[in-house]
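Reader: I have a new structure to study. Can you take me through it with a few questions?

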Amino acid sequence: MEHRRLGHTQLDVSAIGLGTWAMGATVETWGHVDDRESIATIHYALDHGINLIDTAPIYGLGHSEEVVGKAIRGRRSEVILATKCGLLFSNSPDHQPQRCLSPQSVRRECEESLRRLQTDVIDLYFCHWPDPATPIRETMEVLTKLLHEGTIRAIGLSNFSCEQIAAAREFGPVHVLQPPFSMLARRAADDLFPYCLEHEIAVLPHSPLVKGLLTGKFTAEDTFDDIRQHDPDFIGNRFHRNLRIVDALKEIAARYDKTVAQLAINWTCNFPGVTAPLIGAKRPTQLTENLGGLGWELSDDDRARIDALIGGPADGA
Ligand SMILES: NC(=O)c1ccc[n+]([C@@H]2O[C@H](COP(=O)([O-])OP(=O)(O)OC[C@H]3O[C@@H](n4cnc5c(N)ncnc54)[C@H](OP(=O)(O)O)[C@@H]3O)[C@@H](O)[C@H]2O)c1
């Protein structure tokens, strides 16, 4: 497994990370997910050299962190463990999480994550989303204290703009960014990647398979009753356009004897500015396929073909 240095830290991460959102096992979000299979998937990842595992308290309201905690018990030293703060569980009827990055809340969330993860240190601690109600100075001060106390080893921001990252950096170090990025959602490459390269901030893009769309397993006949039913990439004309792109990608992938998922992962991993994408998987067989995205090279011609194919900016991407 290839490893990559995480920005200006002393941490090295595998060229792909395992995302554990689905392991939160909330049926309406990701359908039925079995904890034993989740734990087997995490073990499979570690056994095959993936050392980067990403979770968050909001994934299954603590459940994903608990599953990760169980899976890495006795193997903690093999893992670069990433979790997040700033999205609070909500009792509102729509269950929309509340954003909160106040110092008291960040400290409390951090303690709860440590307990669920059965560890005394979080390697990468991300603000999950910006919180306009809390001055970023206050959030960065508490994160910097946690860093100096040794409770966290690196500070991360997720879903922040360049302006928001620059504002945060006035009050403390930012080591890593977690933006959305995939063949179908490339905005981060316009400004965030160059900004992060310039300031030696690592980039761990999330959702590189667009919730499974870029595995090539869906057809126009598919309907969705999980999180995908609300995702514009899975709805109407945009869904059909995406399926046409996937069909064309299949042809390119076939030249390398690879699947579309492997092509998408290879493309993302080797995109200038990317440190390591976070890829979700629910079972070891998915990981077997995804690992096949590494260790081979896409030709410049095929990279150009893919650029032409996914050409103009995707709607809303
Ligand atoms: N910071 C943030 O705001 C944020 C937001 C989103 C995600 N993330 C992180 O990024 C991770 C990845 O994102 P994601 O889970 O949204 O999307 P993703 O990685 O694009 O897609 C993952 C999903 O695709 C399907 N899949 C994966 N490999 C497959 C394969 N080989 N064959 C068939 N299906 C396969 C699985 O779902 P099915 O089996 O159900 O199809 C899997 O859960 C998350 O787990 C989370 O850690 C962070």
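Reader: Which residues have the most contacts inside the largest nonpolar core?

Author: This is a predicted model. Its largest nonpolar core has 87 residues. In soluble globular proteins, nonpolar side chains tend to be buried together. Inside this core, the most contacts belong to Y125, L214 and A264.

Reader: Which helix gives the most to this core?

Author: Look at residues 260-269. They supply seven core residues. The helix is α9.

Reader: What does L214 touch, leaving out residues up to four places away in sequence?

Author: L214 is among the core residues with the most contacts. Its partners include V260, A261 and A264.

Reader: Which strands stand at the edges of the open sheet, and why is one side of each left without a neighbour?

Author: The sheet has eight strands with parallel pairing. Their order is β11-β10-β9-β8-β5-β4-β3-β12. Each edge strand has a single partner, so one side stays without a neighbour in the sheet. The edge strands are β11 (202-203) and β12 (278-280).

Reader: Which residue in β10 is the bridge partner of G156?

Author: Strands β9 (residues 152-158) and β10 (residues 176-178) run parallel. Three bridges join them. For G156, the partner in β10 is V176.

Conventions:
Residues numbered from 1 in each chain as written. Predicted model: local features only at pLDDT ≥ 70, side-chain atom pairs only at ≥ 80, totals over all residues. Pairing = 2+ DSSP bridges. Helix = DSSP H or I, 4+ residues; strand = E, 2+ residues; numbered from the N terminus. Core = buried A, V, L, I, M, F, W, Y, C linked by C-beta atoms within 7 Å. Buried ≥ 20, exposed ≤ 12 C-beta atoms within 10 Å, placed from the backbone. Contact = placed C-beta atoms within 7 Å.
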